Amino acid sequence: MPIYAYKCESCGVAKDVLQKMSEPPLTDCPACGAAAFRKQLTAAGFQLKGSGWYATDFKGGSATPAANAPAPTEAKPAESASAEPAAAKPATTGCGGSCSCH
């Protein structure tokens, strides 16, 4: 259930009230009884920061934090020029090359 902030426009008393979202807003001030108790606009109680989930969020056990994760390995160097290009290799089929389909 959310907590709503209220303030009386008559006497100035402020109060935080735990209410269901489906309940109607309060109107009568609990201090002076005037019908000037108004719901206030307040900031959210949490902030979302960062670009997304972290490796340690909601994991059980001993997870390694993202900052301590091992660095990615370097990419393999390009294959030598003597290797055949992929387009020049014959297509592999289920027939093993013994038919006239290629």
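Strands here, like helices, are DSSP runs numbered from the N terminus, with at least two residues (E) for a strand and at least four (H or I) for a helix. The model is a predicted one, in which local features need pLDDT of at least 70 and side-chain atom pairs count only at pLDDT 80 or more, while totals for chains, interfaces and linings use all residues. Residues are numbered from 1 along each chain as its sequence is written, and side-chain values use heavy atoms, with hydrogens and water left out.

The overall layout is a friendly place to begin. The chain contains three strands and zero helices, and reading along the sequence gives the pattern β-β-β. Strands β1 and β3 run antiparallel and are joined by three bridges; two strands are said to pair if DSSP finds at least two bridges between them. Strands β1 and β2 also pair in the antiparallel sense, over five bridges. Across this second pairing, Tyr6 has Lys15 in β2 as its bridge partner, and Ile3 has Leu18 in β2. Together β1 and β2 make a hairpin with five residues between them, and Gly12 in the turn shows a positive phi of about 90°.

Two totals describe the chain as a whole. Of its 102 residues, 9% count as buried, where buried means under 20% relative accessible area, exposed means over 50%, and partly exposed lies in between (1.4 Å probe, protein chains only). Among contacts with a separation of 6 or more, 26% come from residues 24 or more positions apart; a contact means heavy atoms within 4.5 Å.

What does a search of the whole structure find in the way of aromatic pairs? It finds one aromatic pair. The ring centres of Tyr6 and Phe37 are 5.1 Å apart and the planes lie at 10°, so this pair is stacked. The pair links distant parts of the chain, with Tyr6 in β1 and Phe37 in β3, 31 residues apart. For such pairs, rings of Phe, Tyr and Trp (its six-membered ring) must have centres within 6.5 Å, and planes under 30 degrees apart count as stacked, over 60 as edge-to-face and the rest as tilted. Tyr6 is buried at 1% relative accessibility, and Phe37 is buried too, at 2%.

Tyr6 also has a polar partner. Its side chain makes a polar contact of 2.7 Å with the side chain of Gln19; this term covers a pair of N or O atoms within 3.5 Å, where within protein one must be able to donate a hydrogen and the other to accept it, and residues adjacent in sequence count only if both atoms are side-chain atoms. Gln19 is found in the loop between β2 and β3 and is buried, with 2% relative accessibility. Not counting residues up to four places away in sequence, Gln19 touches Met1, Pro2, Tyr4, Tyr6, Pro24, Pro25 and Leu26. For Gln19 and Tyr4, which are 15 residues apart along the chain, the C-alpha atoms are separated by 7.1 Å.

Side chains of opposite charge can pair when their charged atoms come close. How many salt bridges does the structure hold? There is one salt bridge, and it joins the side chains of Arg38 and Glu9 at 3.8 Å, N to O. Arg38 belongs to strand β3 (residues 37-39) and Glu9 to the loop between β1 (3-8) and β2 (14-18), so the pair, 29 residues apart, links distant parts of the chain. A salt bridge is defined as a side-chain nitrogen of Lys or Arg within 4 Å of a carboxyl oxygen of Asp or Glu. Arg38 is partly exposed at 33% relative accessibility, whereas Glu9 is exposed at 59%.

The loop between β2 and β3 also holds Asp28, which is partly exposed at 49% relative accessibility. Leaving aside neighbours within four places in sequence, Asp28 is in contact with Ala34, Ala35 and Phe37. Asp28 and Cys8 lie 20 residues apart in sequence and 8.4 Å apart in space, C-alpha to C-alpha.
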